[in-house]
Amino acid sequence: TSVSTNALVTGVPICTPFKDNGASIDTKAYRNNIDSLIENGVHIIAANGGTGEFPFLSEPEKRELAEVACKHASGRVKVVVQTSAIRTEDAIENSKHAEGVGADAVLVLPPYFEGPGEEGVRWHYEQIAAAIKTPIMAYNIPVYTQFDITPEIFARFSEIDGVDYITRRITIQPGGSTGWHYHDGRVFGIVKEGTLTRTMPDCKD
């Protein structure tokens, strides 16, 4: 799918609401939030991202949110589920679960805390891509991972079958040159020669 850069594909991360006691997720409010986003015209929602405060959620909570998001969206929008983990084996299991509940893509950070260099990060993505059929969106927040997936590095990572997207906070370069198309700071495609390419299928006609 290719669209004009004038037709933005809107992707919005979902915050995680809790009940008043703060001890459990308010899934009713979560569903209502999803409905509100869809009614207001978004094309993609992202579960368990930074806005969803994933570092503070237990694994069962993250899996519950992934299940609720995919089931409640019910094909009305694309659903991206964040599945990152320090250990590659855990990221694979998280990604398999997301795929199993119907995610359209998984959002994956490089290994963080004391993560590897480019070769190790590439291996991380290769292993996840080999384990699932769902597309991978590289999640680039270098302030937390200490590894910056620059356009040049992503070009190499995108050679991996299954690593199709990146989310990155950066403005598009002027003059139609290769850059990153964004909406509210989050990217869902690659801009080449003034055209947004490799966007999520069916997000725009």
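Reply: Start with the elements: helices and strands are runs assigned by DSSP and numbered from the N terminus. The model is a predicted one. The chain contains six helices and 10 strands.

Me: How many of the residues are buried in this chain?

Reply: Buried means under 20% relative accessible area, and exposed means over 50%. The chain has 205 residues, and 49% of them count as buried.

Me: Which cavities does a search of the whole structure find?

Reply: A cavity is a space where a probe fits but cannot get out. The search finds three cavities of 30 Å³ or more. For the second largest cavity, the volume is about 110 Å³.

Me: Which elements give two or more residues to the lining of the second largest cavity?

Reply: They are helix 2 (59–73), strand 4 and helix 3 (88–101). Helix 2 supplies the largest share, four residues. Among the lining residues are N48, E59, K62, Q82 and H97. Sorted by class, the lining has six polar, three nonpolar and three charged residues.

Me: Q82 is in that lining. Is Q82 buried or exposed?

Reply: Q82 has a relative accessibility of 4%, so it counts as buried. Its place is in strand 4, residues 78–82.

Me: What does Q82 touch, leaving out residues up to four places away in sequence?

Reply: The residues touched by Q82 are A47, N48, G49, F54, L107 and Y139. With N48 there is also a polar atom pair to look at: a polar atom of the Q82 side chain lies 2.7 Å from the backbone oxygen of N48.

Me: How is the largest pocket read, and what lines it?

Reply: A pocket, unlike a cavity, is an open set of points. In this model the largest pocket holds about 190 Å³ of space. Its lining is made up of G50, F54, P55, L109, Y112, I141 and Y144. By class, six of these residues are nonpolar, one is polar and none is charged. F54 belongs to this lining and is also one of the residues that Q82 touches.

Me: Now the strands. Which strand pairs with strand 6, and in what sense?

Reply: Two strands count as paired when at least two bridges are found between them. Strand 6, residues 136–139, pairs with strand 7 in the parallel sense over four bridges.

Me: Why is strand 7 described as largely enclosed by the rest of the structure?

Reply: Strand 7 covers residues 163–167, and four of its five residues are buried, so the strand is largely enclosed by the rest of the structure.

Key:
Residues numbered from 1 in each chain as written. Predicted model: local features only at pLDDT ≥ 70, side-chain atom pairs only at ≥ 80, totals over all residues. Heavy atoms only, no water. Buried < 20%, exposed > 50% of the residue type's maximum accessible area, 1.4 Å probe, protein only. Polar contact = N/O pair within 3.5 Å; in protein donor to acceptor, adjacent residues only side chain to side chain. Contact = heavy atoms within 4.5 Å. 1 Å grid on protein atoms, 1.4 Å probe; cavity = no way out; pocket = protein on both sides within 12 Å on 5 of 7 lines; lining within 4 Å. Points joined across faces, edges and corners; volume = space filled by probe spheres on them. Nonpolar A, V, L, I, M, F, W, Y, C, P; charged D, E, K, R; others polar.
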